[in-house]
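Subject: Structure handover and notes

Dear colleague,

I am passing on the structure below, together with notes on what was found in it. Please read the notes with the sequence and the model open side by side.

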Amino acid sequence: MRRWRGPLVVSVVYLGLWLGLDAIASVFQARQEVSLWYPPTGLSFALLLVFGLRYSPLLLLTNPLHALVVSSPGTGWAGIWLSGALASAVYTGVAWVLLQRLRIDPRLPGQRDVAWFLGLAAVAGPLVVAVAQVLQYTVSGLLTWGEWFRGVLGFWSGRATGVGVLAPALLVASRRVPALWRDRPPLPGPPWTDRRYERPSWTGRVRPRWLGRLAGRRLDERLELLAQGVLLLATVYLAYGEPAGGGLDLAYLVYVPLIWIAVRGGLPRVAFAVLAANAVAVALVGRDVVESPLRLQLGLVTLTLAGLTLGALVTGRQVSVAAAEHAAVHDPLTGLANRVLLMDRVDAAAHRAERSPEDRFAVLYCDLDGFKGVNDQLGHDAGDELLVAVARRLEQAVRPADLVSRLGGDEMAVLLDGVTGVEEAAGVAERLLAALAEPYAVDGREVVVTVSVGVAVADAEGLAGPRLREEPDAAVPPAGGHAEEVLRAADMALQRAKATGGHRYEVFNEPLRRQTWDRLGLRAALRRAVGAGALTVAYQPIVRVGDGRLAAVEALARWHDPERGEVPAAEFIAAAEETGLIHELGMQVLEQACTQAAAWREAFGPATTPRVAVNVSTRQLLPADFASRVLAVLDRLGLPADVLELEMTESCAMEPGARAALEQLSAAGTTLAVDDFGTGYSSFAALRERTPQSFKLDRSFVARLPDDRPTDAIVSAVLALARHLGATVTAEGVETDEQLQRLRELGCPQVQGFLLGRPVPAARIERDWLGHPR
């Protein structure tokens with residue numbers, strides 16, 4: 001029973017409304033079956049377009065109901081059923097073409113939808129029915145053949161006006177009932193009515209008067225609507241109020257308010273204006289125009305179709321402008337706000353906080369953990385699908401007034417406008433962590449990703465608590481204003497969250513501010529030092545176990561900063577990697593080391609000169625000119641390639657992008673060594689593909705010798721593997737005699753560590769290891 005309740009209600013309401021409109025239209029008949037306008041036809045089209053073609057049998061009942069309740073044309077019941085069947089078939093066919101073939105949106109949002117609707121539903125369909133109806137009346141003797149043409153125009157114009165007057169108004173009004181359109185996406189509103197299309201906020205100088213301006217604008221809109229309504233009624237009265245006195249000559253006056261309404265309100269507003277204008281005009285004329293109604297009918301048709309067409313053109317323009325404005329401030333993939341809109345909203349929140357010192361706002365900077373793996377394994381389409389799903393979850397996890405934005409890649413940010421403090425912002429961050437950690441269905445698979453969040457809370461004074469700008473004369477003051485400052489703080493907190501394992505949030509605070517400031521200062525100082533060539537090189541001995549003689553030296557970069565003193569290599573090498581300075585820094589170290597090797601070779605002879613081992617990173621190996629630059633240095637200094645040994649991690653050695661450089665260097669004779677062996681991939685397949693000439697056994701294994709049996713077995717296995725591959729092994733981190741003795745027993749050919757010698761200047765290497773110049 002519940003299944004039929006809805007259709008039954010729709011059917012009863014439709015038939016009741018149809019009878020009422022039919023009775024009203026019959027009051028304003030100029031002659032038998034020729035109405036000044038006939039809105040029931042518009043109601044029928046609205047029924048079919050909104051509720052579907054399954055309601056078309058109801059149209060068959062309308063002609064008999066008309067004959068029973070309103071009037072009888074005298075054509076007999078057979079003729080009544082025949083004309084009703086024909087009209088129902090034509091109107092249903094038109095609706096089918098509109099929905100199934102042309103696939104218009106019945107809500108009439110665009111110019112194409114309105115044009116096809118007016119062309120078929122208001123013009124073509126009623127014209128076919130008018131020709132058949134008038135032909136039937138002529139054959140039955142109700143009309144003469146001389147009246148055939150005027151009869152067709154009169155019959156058609158009444159129904160064309162009825163469709164144009166009532167159907168667009170009903171279809172536009174149906175937009176406010178989303179339940180009717182569950183199978184269609186929501187329609188975007190014009191820029192000033194939809195929050196997604198909000199214009200950029202007022203500039204800082206006029207913001208204090210924002211509330212007054214808003215009230216004034218709303219008042220202006222209401223006054224404009226009132227003026228439009230008064231002018232429309234006045235012109236309709238002048239045009240149609242006294243038709244016997246020649247008022248029809250003033251019909252063109254109605255176009256003045258109609259154009260105004262169309263330009264300002266588009267199709268939604270002009271549809272109701274057309275309805276009002278027609279209703280008032282027909283009510284004023286009444287039955288006065290009996291002898292020659294055609295002129296009035298054609299005038300109403302022209303007014304209706306022209307007004308609706310103009311409204312559709314304006315609406316199309318509004319939609320285009322709205323779409324352009326939306327695209328300018330929104331991400332095309334996820335539909336979220338972009339950086340431009342986020343910055344504008346953060347600025348607006350900052351200005352509101354200035355006016356209300358107790359107000360605070362927060363920015364949550366989010367980055368997905370493991371998103372690159374999804375892209376690599378499932379493809380970029382799956383990655384895009386995942387980003388869209390994440391965006392929807394973020395929107396659901398925050399308040400409607402909060403702004404979710406995508407800054408690029410898998411980085412997103414949330415603006416919380418109006419928070420009480422850090423505790424509330426942290427609570428939202430916890431909610432985001434929980435919401436995004438739930439599995440996703442991506443490309444038919446279940447995918448789990450987590451998120452890291454950086455939180456920055458700000459008030460009228462800037463960042464709540466610490467500020468990025470510590471002193472006016474700070475070395476690198478952040479640029480970009482309040483919005484950039486808060487976003488940068490949230491980004492710093494995010495980096496801390498990712499560095500400590502991910503899937504957590506960090507709040508920007510005083511310790512983080514100082515740490516970040518120190519890191520920024522370190523980067524700036526390192527850039528100056530590299531530019532000035534201020535880095536030096538120390539050399540650590542690599543000793544042959546068999547005879548205790550020097551086999552090679554490892555060149556290690558050293559930096560003494562005037563303000564910081566000796567900066568640990570791990571700190572400034574990491575900073576060089578992050579900033580891209582590693583390329584220039586690495587070449588400086590390599591050139592210094594090779595220059596020193598050339599000097600030793602000249603002073604002590606080729607037989608005594610040790611190899612020089614220089615560390616390289618993956619980023620250094622990726623540029624296409626790296627190998628050629630290294631070989632050019634060797635050629636310029638007159639050094640054979642086998643004097644140079646390049647040390648790299650296992651992951652660096654297996655990097656596909658480094659293949660070309662490594663092959664070129666190996667072909668030239670340069671020794672390639674895998675540093676920290678045993679801590680990276682340790683893949684036998686990778687070793688088979690690219691066998692290095694040297695392994696450096698990581699210090700973590702040496703430290704457990706000689707007492708740890710598993711470590712002893714691993715070291716023995718590595719030495720055996722190296723012998724079979726024809727590679728040399730150097731044990732790093734040798735610090736005790738017991739470690740050295742065990743390595744000697746296991747057959748390790750070379751060792752390196754504090755027991756043999758710490759990193760020292762080149763002069764100490766000459767004094768302690770190379771003896772006297774020849």
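Helix H2 (residues 40-51) packs against helix H6 (residues 148-173) at an angle of about 40°, and their axes are 7 Å apart; axes here are lines fitted to C-alpha atoms, for helices over the stretch in contact, and angles run from 0 to 180 degrees between N-to-C directions. H2 and H6 are therefore oblique to each other, given that angles under 35 degrees count as roughly parallel, over 145 as roughly antiparallel, 65 to 115 as roughly perpendicular and the rest as oblique. The crossing of H2 and H6 is right-handed, a term used if the near helix is turned clockwise from the far one by less than a right angle, with anticlockwise giving left-handed. On the H2 side the residues are Thr-41, Gly-42, Leu-43, Phe-45, Ala-46, Leu-49 and Val-50, and they meet Arg-159, Gly-162, Val-163, Leu-166, Ala-167, Leu-170 and Leu-171 in H6. By class, ten residues of this contact between H2 and H6 are nonpolar, three polar and one charged (Ala, Val, Leu, Ile, Met, Phe, Trp, Tyr, Cys and Pro count as nonpolar, Asp, Glu, Lys and Arg as charged, and the others, Gly among them, as polar).

Before going further, please note that this is a predicted model, in which local features need pLDDT of at least 70 and side-chain atom pairs count only at pLDDT 80 or more, while totals for chains, interfaces and linings use all residues. Residues are numbered from 1 along each chain as its sequence is written, and side-chain values use heavy atoms, with hydrogens and water left out.

The chain holds 26 helices and 19 strands, where helices (H or I, at least four residues) and strands (E, at least two) are DSSP runs numbered from the N terminus. Of its 774 residues, 48% count as buried, meaning under 20% relative accessible area, with exposed over 50% and partly exposed in between (1.4 Å probe, protein chains only).

The contact of H5 with H9 has eight nonpolar, three polar and one charged residues.

The largest nonpolar core has 73 residues, of which Tyr-14, Leu-98, Phe-117, Tyr-240 and Val-254 touch the most other members; such a core is a set of buried Ala, Val, Leu, Ile, Met, Phe, Trp, Tyr and Cys residues joined through side-chain atoms within 4.5 Å. Helix H8 (residues 255-285) supplies the largest share of this core, twelve residues. Apart from it lies another core, of 54 residues, including Val-553 and Leu-672.

Asp-105 lies in the loop between helix H4 (76-101) and H5, and at 12% relative accessibility Asp-105 counts as buried. Leaving aside neighbours within four places in sequence, Asp-105 is in contact (heavy atoms within 4.5 Å) with Asp-113, Arg-184 and Leu-187. Glu-224, in helix H7 (residues 210-240), is buried with a relative accessible area of 16%, and with the neighbours within four places in sequence left aside, Glu-224 is in contact with Trp-260 and Arg-264.

Val-12, by contrast, sits in helix H1 (residues 2-27) and is exposed, with a relative accessible area of 53%.

Best regards
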